[in-house]
Amino acid sequence: RLLGRMCLDQWGGAYDVAQQDIERAAAYGLTHSVFVKHVWQRWGYDYRLPEIYPPRNGLEPLKQLADACRDNGILFAPHDNYIDFYPDAAGFSYDHIIFNRDGTPQRAWLNKGRQAQSYRWLPHAFMPWLEENMKLMKAGFTPTSLFIDVFSAIRPIDYYDRAGTFHMNTRTMDEWARAFDVSRDILGRGAPMLSEAGHDGLVGSLDGGQADHNSAAN
């Protein structure tokens, strides 16, 4: 579905500047592209996830950016994340977190700049948050694509829940694949699903991986 398209990737930056860049790119003929917008979430880069809405710095400027992409035939893919759950986010509970074999909660990303330690979502626990976020995004600025962090950049893992129940990596693959399928269904119009370049365990649910994210290939 994304064959022959160019990926335009932006971390941070003002929405209006990005909009001008999109219009400039379209003028050069890059109209069969996908624009991946990172660092738009409510609390900024990797902080208090999964609380991503409303957009940082205002809904209307982000909507104008999304509209500029749509008007120029460029897919608009906001960055999202269902691997890291931060303890200060609404609804956090260790009931939703992977546990290690020794009974300790499994740490995920450490945001050093904010001194914020996240914990790794149970693959079978994040779906209610994902569904709510997809509906908010669709109503607010109607993405035409989506980037979900990490899922194709690490191996599907065996895991334990808080009760000590063991789950095989096949369940991880199924739940991560369902994340893309449900997101596509809610966003509609066959919205292409993207992640980091990596393994092929999500074939059939994941449409593309970014070549600048190659951790799984190393």
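Ile157 sits in the loop that links β7 (146-148) and β8 (159-160). The model described here is predicted. Leaving aside residues up to four places away in sequence, Ile157 touches Ile98, Gln106, Arg120, Met168, Asn169 and Thr172. Met173 lies 16 residues from Ile157 along the chain, and their C-alpha atoms are separated by 8.2 Å.

**The whole protein**

Four helices and 11 strands make up the secondary structure. Along the principal axes, the C-alpha atoms fill a box of roughly 55 × 35 × 30 Å. The radius of gyration is 17 Å, which agrees with the value near 17 Å for a compact globule of 218 residues.

**The sheet**

Six strands form an open sheet. Their order is β1-β2-β3-β7-β10-β11, and the pairing is parallel.

In general, strands of a sheet pair through backbone hydrogen bonds, in either a parallel or an antiparallel sense. Here, β1 pairs with β2 (residues 33-38) in the parallel sense, over six bridges. Leu8 has Phe35 in β2 as its bridge partner.

Helix α2 (residues 59-71) lies across β2 and β3 (75-80). The helix runs at about 140 degrees to β3.

| Pocket | Volume | Lining by class |
|---|---|---|
| Largest pocket | about 210 Å³ | seven nonpolar, two polar, five charged residues |
| Second largest pocket | about 170 Å³ | four nonpolar, three polar, two charged residues |

Which residues lie nearest the centre of the largest pocket? They are Asp46, Asp84, Trp109, Asp149 and Val150, out of a lining of 14 residues.

The second largest pocket has its own lining. Arg70, Leu75, Thr142, Pro143 and Thr144 belong to this lining, as do Leu187, Gly188, Arg189 and Ala191. One of these residues, Arg70, falls within the range of helix α2 (residues 59-71). Leu75 falls within the range of β3 (75-80).

Technical notes:
Residues numbered from 1 in each chain as written. Predicted model: local features only at pLDDT ≥ 70, side-chain atom pairs only at ≥ 80, totals over all residues. Heavy atoms only, no water. Pairing = 2+ DSSP bridges. Helix = DSSP H or I, 4+ residues; strand = E, 2+ residues; numbered from the N terminus. Contact = heavy atoms within 4.5 Å. Axes fitted to C-alpha atoms, helices over the stretch in contact; angles between N-to-C directions. 1 Å grid on protein atoms, 1.4 Å probe; cavity = no way out; pocket = protein on both sides within 12 Å on 5 of 7 lines; lining within 4 Å. Points joined across faces, edges and corners; volume = space filled by probe spheres on them. Nonpolar A, V, L, I, M, F, W, Y, C, P; charged D, E, K, R; others polar. Rg over C-alpha atoms; globule rule 2.2 N^0.38 Å.
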